[in-house]
Amino acid sequence: MSMIETHDVTKSYRSGEGVMEILHGVSLSIPAGQCAFIVGPSGSGKSTLLHLIGAMDQPTKGRVVIDGQDLTKMTEPQKDLFRRDKIGIIFQAFNLVGNLTALENVLVPFLPRGITPELRDRAKAMLTKVGLGHRLTHRPIQMSGGEQQRVAIARALVKNPQVVLADEPTGQLDTRTGEDVFRILRELQRELGTTLVVVTHDRRFIQPQDLVLEIEDGLLKK
Amino acid sequence: MYRFAWRNLFSRPIRSVLALIGLSIPVLGVVGLMSLSNGLRGLVGDTVKQVQGVMLLRTNTPSPVFSDIDSKLADEIRKIPGVKNVASEFWRVAPPVDNTSMVLRSLGAGSTEKRLSNFLDSPVVLGMNVLEHNQLDSAVYQKALLKPSSSGGRFLNDSDRGLNRVVLSRKFSLQYPNPDGSPRKPGDKIRIGTDDFEIIGLYETKSLLLDVVLVMDIETARKLLKAPKDATSAFYVEMKNPGDNEKLSKIVESRWDEIDCRGMNEIEASFGDIMGQIDVLLLMAVGLAFGVGAVGITNTMIMSIMERVPEIGVLRTNGWSSRQILTLITLESFYLGVVSGMAGCGFAIAGCWVANFYLKDGIRLIPTPSILIQGMLLSVLTGMLAGMYPAWRASRWSPMEAIRYDP
């Protein structure tokens, strides 16, 4: 069963007086629990596709369906709830909140609703899983890049989402740290049975059972 | 979220402190000015409470010191139904006391505060018809005479008619000390104009407006000030029923055009009206300061938000709604308003304390809880209003616009 489907998705942006089309009718299907890689050169539209799947942006044409729900028919508040409950996102630049501790950063999705002891325990457990059980009260500035990205992974997974989206998650890390981070990400994906979509230049992390989607000039090659 | 919003203020501490100062200064201004206004009302209220009768003086004169009325009217007024007592008074600005004129006293004082204090404390002569005044129920100075144990001495009586004897305020006994520096007391002499006067008593009303009066017999005052033998400034009238003061006013003012009848409640109400108008002007000035404070907070919040756009993007991608972003930023400006209000009120309380310390016997600045609450509310309201635009702006970014923004 497909967890993620896109049907003839086009995305264009206004650029000056013209219109620049980034994606040209992309259709794909990613099964539930699959680890999928979207690869391709810079500017090919990989990140744009990821953002559309994550309900962070709206396609110009076409449909994006996640777990049977058509994102293009959702209102903004519905998309907010969808992102909150079903999507976990990891960015290349970690994007942690500077004045919050590691634990509080992991709890960011729950802050508006209030933090219960159960949620706090869950966040602590997730930080322990990514090897940061001893860094709960540290702020981003006190952590290395690899540690920050592990906090970002914990934040993405703490709500037990159906889909985790990672946009160049090792792009700002050295080779060894990148491998560590990716190993953790893949372990947790297997453990939680989450569908993982990774945008990357780096094909080292691709394993034979993974789905590879190659994009070039806004078109899906295979 | 409440803690998160609070901590966001500390992420850019200098900017937050500057915004706080920008808003706390108008709070300080509004609380300080309203405390001053309150102090002035209190001052007049204290005075009015002690003067329960009605004062009759010439129309359009601001004070009995400038009034001059026909002394024979006293008998006519006594005939008005309900009138219990009529006491004649002669008021004038005092000649130099201890050879020091008001101008010399003001200019000679060391500090500005002292000069102002001396100016406000300029002595006034009250010559009273002793017999008539001793029959009054609400005779202010008689009642304010200090106890014998505090060297109060005695009040004027019939034996003092035409003699150079004076009852002095405790304040003046300190401000015009003996040559050896000791406070003046009953039995001592004091020079008023060109004559020496024997001090027979000391009084204290604790009213800034009343404790500047040199009380003496009316004939003595006329002689001292070289006024005609029947010169009269005002009549102090008591009704059998104090509730009938207004009736008396109507009768007197309809019968004698040149006489103005001033009940103390009326004086207090007029003063209240004037103070109300002054308050409006003060609030308009302070309103401008609040406007500047609001612009400061808006600027601070906009700057702070522009620096945090990607962070707001992270919150949005993690499921925070536009409304929750709006709430977060509004909370931050609300906190700024609360802290600024508290700081402004704190500074104002400290400022009033310092001012009162220097003013001592003068006007008091009274920051009541109600004034402090008003200052706080104004600050919070200004903070929230100023934060609304930045909050609205932040809430309108799409998650991707925000994440991709390069501050």
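A nonpolar core is taken here as a set of buried Ala, Val, Leu, Ile, Met, Phe, Trp, Tyr and Cys residues joined through C-beta atoms within 7 Å, where a buried residue has 20 or more other C-beta atoms within 10 Å of its own, C-beta atoms being placed from the backbone. The model is predicted, so that local features need pLDDT of at least 70 and side-chain atom pairs count only at pLDDT 80 or more, while totals for chains, interfaces and linings use all residues. Residues are numbered from 1 along each chain as its sequence is written, and chains are lettered from A and ligands numbered from 1 in the order in which they are written.

In the largest nonpolar core, which has 101 residues, V106(A) and V197(A) touch the most other members. Leaving aside residues up to four places away in sequence, the contacts of V106(A) (C-beta atoms within 7 Å) include M126(A), L127(A), V151(A) and V158(A). Another core, of 51 residues, lies apart from it and includes L57(B) and F155(B).

Between the chains, 20 residues of chain B are in contact with 18 residues of chain A. The chain B side divides into 9 nonpolar, 9 polar and 2 charged residues, with Ala, Val, Leu, Ile, Met, Phe, Trp, Tyr, Cys and Pro counted as nonpolar, Asp, Glu, Lys and Arg as charged, and the others, Gly among them, as polar.

In β6(B), F197(B) is the bridge partner of I190(B).

Technical notes:
Two residues are in contact if their C-beta atoms, placed from the backbone, lie within 7 Å. A residue is buried if 20 or more other C-beta atoms lie within 10 Å of its own, exposed if 12 or fewer, and partly exposed in between; C-beta atoms are placed from the backbone. Two strands pair if DSSP finds at least two bridges between them. Helices (H or I, at least four residues) and strands (E, at least two) are DSSP runs, numbered from the N terminus.
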